[in-house]
Amino acid sequence: REREKIVFYDLKFIDEIKKGDYVVTVGGAHGYVAELEGDTFVLEVEKGGRIRFNKSAISLEATKVANKK
């Protein structure tokens, strides 16, 4: 039951991501969401670089920690 609750909040967090949010991927890439399209998003990193990721690549814990700074 507890695991179901964690999965629910994780999915809710990913669904609420919007353009301009600061996120961290599981691979350690940091940046701002530049575009959202279906199950993917474009991460804008330093110097204007842009990389497309699946939303499942967002590290929920690392993103929460990074946004508290």
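Helices (H or I, at least four residues) and strands (E, at least two) are DSSP runs, numbered from the N terminus. This is a predicted model, in which local features need pLDDT of at least 70 and side-chain atom pairs count only at pLDDT 80 or more, while totals for chains, interfaces and linings use all residues. Residues are numbered from 1 along each chain as its sequence is written, and side-chain values use heavy atoms, with hydrogens and water left out.

Start with the whole chain in cartoon view. The elements run α-β-β-β-β-α from the N terminus on, which comes to 2 helices and 4 strands. The protein has a radius of gyration of 12 Å (taken over C-alpha atoms). Along the principal axes, its C-alpha atoms fill a box of roughly 45 × 30 × 20 Å.

Next, show the surface. The protein exposes about 5,100 Å² (Shrake-Rupley method, 1.4 Å probe), and carbon and sulfur atoms supply 52% of that area.

Now select helix H2, residues 60–68. Which residues of H2 are buried? They are Leu60, Thr63 and Ala66. Seen down the axis of H2, the buried residues fall within an arc of 130 degrees (directions from the helix axis to the C-beta atoms), so they line one face of the helix. Turn to the face away from that buried side: Glu61, Val65 and Lys68 are exposed there (over 50% relative accessible area).

Conventions: Rg over C-alpha atoms; globule rule 2.2 N^0.38 Å. Buried < 20%, exposed > 50% of the residue type's maximum accessible area, 1.4 Å probe, protein only.
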